[in-house]
Every structure is written in structure tokens, then in C-alpha cells.
Amino acid sequence: MPKVVSRSAVSSSTDARPTASAAAALRVYYCICGEFILVIERSLSALPKRQTDGATIIRCQDSGTENAIVLKLNAILTDPVLVERPEGHERQYRFSCPRCNLLVGYQTTPPPVKSGPYLYILRGALTQMQGQVPKDAFDGEAALDPSEVETQ
């Protein structure tokens, strides 16, 4: 007689109310190339945007009134860049996709990730659908005139 290794029973109900853990689902974001980049507890579209460049602001440290957002960033730190802003200069410690090196975000404090109060995700850099270009990827770009395209 064969041995029974394990038995399990699964039950579910369509009448059951959602639990707190189900309501706090994590969201996964991918680079345009399909590489996993970010897991976060909130939707990026629900977070505030930075006025200077439209980047999404993610709070990384607790403040007196708001808690830090739980996240995991899978990106490579690149060389810091000095960006000129109307109110002066800003040093950005940038993060890029480990597969295609596309710039996906930055922070204004030295590494490691989440060492400062905020992490910024660039507009149009990430998508929730793997292999699909985000809707805002080309916002602010001029449309290409088909007559200007060179054929070879």
C-alpha cells in the first residue's frame, strides 16, 4: 500500500470580508525592458509628484506626521550627478535598471538606498505590466513627424 505523504484541504468563501493583509497588497513595478525594479505598499500614482521634474516622491523615513513607505528597490547605483535647479544645484545619486541601465530614480542623499528622507522615481520609467511601455513614458516629448524619419 502506498504511503500518504501529505493531505491538505482548501476552503474559501465568496461571502468572507477581506482581511487586513489582503487590503495591504504589495505592488510590483518593472522597467520597460521587463526587469523587476520596485515592490512597494502603495500605488505610485497615489503618491505626490515633485514640481521640479514630475518624479514620484516616496517617503523613506518616518516624520512626525507620516510613516515611511515600505519598499524594495532592485536597481544599480550610478555615479552622482550635479543638476542645476532654479534655486541652486542639487546632487542626485541615481539608480538604473540592472538589465538595460535605464535611469529609473534618484535620491539626494549618499547611498545606501533609503538613507535620506525621500526616494524619487522618474516619470515614465516604471510600469506595472511587464513588457509594456508606461502611458506617461513620453509625456513632454515632441511627436515625431513621419516625413522626418530616414529610411535605410
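Biologist: In β2, which residue is the bridge partner of V28?
Modeller: The bridge partner of V28 in β2 is V39. Please keep in mind that this is a predicted model, in which local features need pLDDT of at least 70 and side-chain atom pairs count only at pLDDT 80 or more, while totals for chains, interfaces and linings use all residues. Residues are numbered from 1 along each chain as its sequence is written, and side-chain values use heavy atoms, with hydrogens and water left out.

Biologist: In which sense do β1 and β2 pair?
Modeller: Strand β1, residues 27–31, and strand β2, residues 36–40, pair in the antiparallel sense over four bridges, where pairing requires that DSSP finds at least two bridges between two strands.

Biologist: And how many residues lie between β1 and β2 in the hairpin?
Modeller: There are four residues between them, and G34 in the turn has a positive phi of about 105°.

Biologist: What stands opposite C31 in β10?
Modeller: That is L126; β10, residues 126–127, runs antiparallel to β1 and is joined to it by two bridges.

Biologist: Changing topic, how many helices and strands are there in the protein?
Modeller: The protein has one helix and ten strands, these being DSSP runs numbered from the N terminus, with H or I over at least four residues for helices and E over at least two for strands.

Biologist: What percentage of the residues count as buried?
Modeller: Of the 152 residues, 29% count as buried, meaning under 20% relative accessible area with a 1.4 Å probe and protein chains only.

Key
Buried means under 20% relative accessible area, exposed over 50%, partly exposed in between (1.4 Å probe, protein chains only).
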